[in-house]
Amino acid sequence: MSVVAFLMLCAAAMLGVALLAVAIARAYSATRIIYGAMLALCSAATVFSLLALAGHAGAPTDLVLPLGLPWIGAHFAIDALAAFFLVVVNIGGAGASLYALGYGAHAEEPHRVLPFFPAFLAGMNLVLLAADAFSYLLSWEFMSLASWALVIAHHRDPENRRAGYVYLIMASLGTLALLLALGLLAGPGGSYDFETIRHGVRTPLTAAVVLVLVLIGAGSKAGLVPLHAWLPLAHPAAPSHVSALMSGVMTKVAIYAFIRIVFDLAGDLPWWSGALLLAIGSLSAVLGVLQALMQDDAKRLLAYSTIENIGIVFIGLGLALSFRTDGMNAAAALATTAALLHVLNHSLFKSLLFFGAGAVLTATGERDMDRLGGLIHRMPVTSFLFLVGCMAISALPPLNGFVSEWLTFQAVLQSPDLARWLLKVMVPAAGGLLALAAALAGATFVKAFGITFLGRPRSTEAGQATEVDRFSLSAMAALALLCLITGIVPGFIIDAIAPITHQLAGTALTPQGSRPWLTIVPEAETGSSYNGLLVFLFITTSALLAVWAIHRFASHAIRRGPAWDCGFPDPSPLTQYSGSSFAQPIRRVFLARTPVTSEEVTMPAPGDTRAARFTLTIADPVWDWLYEPFAGAVERAALQLNKLQFLTIRRYLSLVFLSLVLLLLVLAIWS
């Protein structure tokens, strides 16, 4: 059996598990059965996707089923690009399934989640396997609807219903944009299979319109600014293992859609395409991390952080397009490698962080970091694993987040060889914004870990928390280990994705896995290099020597003293740093003179014993300046059009007559 046939069987089995979940969702053992089956299916799909990525797929690599449009059928295929993203999706699916074996036991209404979880994963697998426009869009819409059902699983919460409504609107917009883009690529002949589209001839104007449409369609699902409005609403609303899938995996399916259409199917693009991606990616990276730093809700913070990391991926893709347009294939391969590696890395550490936030939510019932604290003593394993995720997303070596961002910076340094001055200016500017985003990400996750796990408990729930179940800890430990492994030996992953970079950029990086000490050298031997293994050995050895020296030579006497009270000898934990106070200096620097934040201090009159109050409001400028006015205009127009429902028969006939006259007039002018 070929790999594509086996993966189609896995997707069909996932749909079968979804139907089984409908039948047994209210049974006591349903959680273990459904998530256990999904763990097995995702693990099997991961293995076969790795075989396909390694070039051991076996023939044939395509499959045509007698479904879909008449006389056309449904085309499914696998190549290196699809295989890589299938690995990302199914590793995330296996991790979420393992985590849910424990986390799902605490769900209030599991029957609202169990049927849609396998359907969601099946939809993502089918999107990656689809090889014609009809099958692709059908799978895309199925994925969107299944994820929408998971977002509104707790539909009694008004915020969750609002999140589901906004998500459904944005998903519909994205599907419409992709439908138009693929329709333009299919052309008048209506050749919907990707192989025919790939060899089609189209004008530069058509390619430019396709680029914009795909940016809207895939960018709305990925969370690019300004199409990100749904993401900080939907990701916190969903159950934590679903949030991990949506943030760490589904956004990567959107990136796959962009790469598949723009890099593979659209053909030659105008030279400014790379500049457009650089601008949007840089804006997303900086605005995403700034908003993340301001949040006190842990899951909302992680959702905004996803926008930042998607921006980093698009910076890499913008660099790749810019270099490819100028014929700099080696630099394009470097930028493409950096983007793809960050796709994998973000899926790992973002899933880990959402699992950690879900563990804290299970143990305390709280997402507000200002009501947490001190959990490092009550949840030591979770705190350590969450710290690994924070270090990885902050791009600290030797973890995986550092490698992909370092490769992106190496690609930025190739900008002096670009021919056009606009790109020569924009690429270093994007590099500067990327450095700013990386620094702010470090501050964001120092806040996230410090406020949540360090200090003293700020609430009774935090003070009574206990460690979570072994399934949840095992899933987090597995992802933390993968973050370490991919950071220590990235050369093997770079070699594995070399066929993709060769397909997209015309060439690939030189083999990295066979270099001495597993050093990666993305350019010439005289250029920059990085060795994650030596960094790991140095950090480990230094830490062990420090521990040995302290235990060997330090005094063993114990001295107890009062805890540092910051000048306020008040035992209340409220005197500790809060999330808002941690972010205040950066908020004052970047957002003080903007309408994004507003501060209000209520100070009682002298002699009044009431406490002073400080109120901080943080707005999303894109939502307030773009979506709210547009939504208001649509509502006003709908109210006016609503009057058409209450006309008399004479007026209806008059409208029909006027419409007919207008259409005839347009036809006469056109001809």
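**Cavities and a buried asparagine**

Author: Helix α3 gives the most to the lining of the second largest cavity, with 5 residues. Please bear in mind that this is a predicted model.

Reader: What is the volume of that second largest cavity, and which residues line it?

Author: Its volume is about 40 Å³. The lining consists of V88, I91, G92, G95, A96, S347, S351, F355 and L479. The elements that give two or more residues to this lining are α3 (80-103) and α13.

Reader: How does that lining divide by class?

Author: The lining of the second largest cavity has 5 nonpolar and 4 polar residues, and no charged ones.

Reader: How many cavities of 30 Å³ or more are there in the whole structure?

Author: The search finds 3. The largest cavity has a volume of about 120 Å³. Of the 15 residues lining the largest cavity, A298, A357, M369, F386 and T452 are the closest to its centre.

Reader: Which helix gives the most to the lining of the largest cavity?

Author: That is α13, with 4 residues. Helices α12 (298-325), α13 and α17 (421-453) each supply at least two. By class, the lining of the largest cavity has 11 nonpolar, 2 polar and 2 charged residues.

Reader: A change of topic: where does N345 lie, and is N345 buried or exposed?

Author: N345 lies in helix α13, which covers residues 329-364. N345 is buried, because its relative accessible area is 1%, and buried means under 20%.

Reader: Which residues does N345 touch, not counting those up to four places away in sequence?

Author: On that basis, N345 touches N400, G401, S404 and T486.

Notes:
Residues are numbered from 1 along each chain as its sequence is written. This is a predicted model: local features need pLDDT of at least 70, side-chain atom pairs count only at pLDDT 80 or more; totals for chains, interfaces and linings use all residues. Side-chain values use heavy atoms; hydrogens and water are left out. Buried means under 20% relative accessible area, exposed over 50%, partly exposed in between (1.4 Å probe, protein chains only). Contact means heavy atoms within 4.5 Å. On a 1 Å grid over the protein atoms alone, a cavity is a set of points where a 1.4 Å probe fits but cannot get out, and a pocket is an open set with protein on both sides within 12 Å along at least five of seven lines; lining residues have an atom within 4 Å of a point. Grid points are joined across faces, edges and corners, and a volume is the space filled by probe spheres set on the points. Ala, Val, Leu, Ile, Met, Phe, Trp, Tyr, Cys and Pro count as nonpolar, Asp, Glu, Lys and Arg as charged, and the others, Gly among them, as polar.
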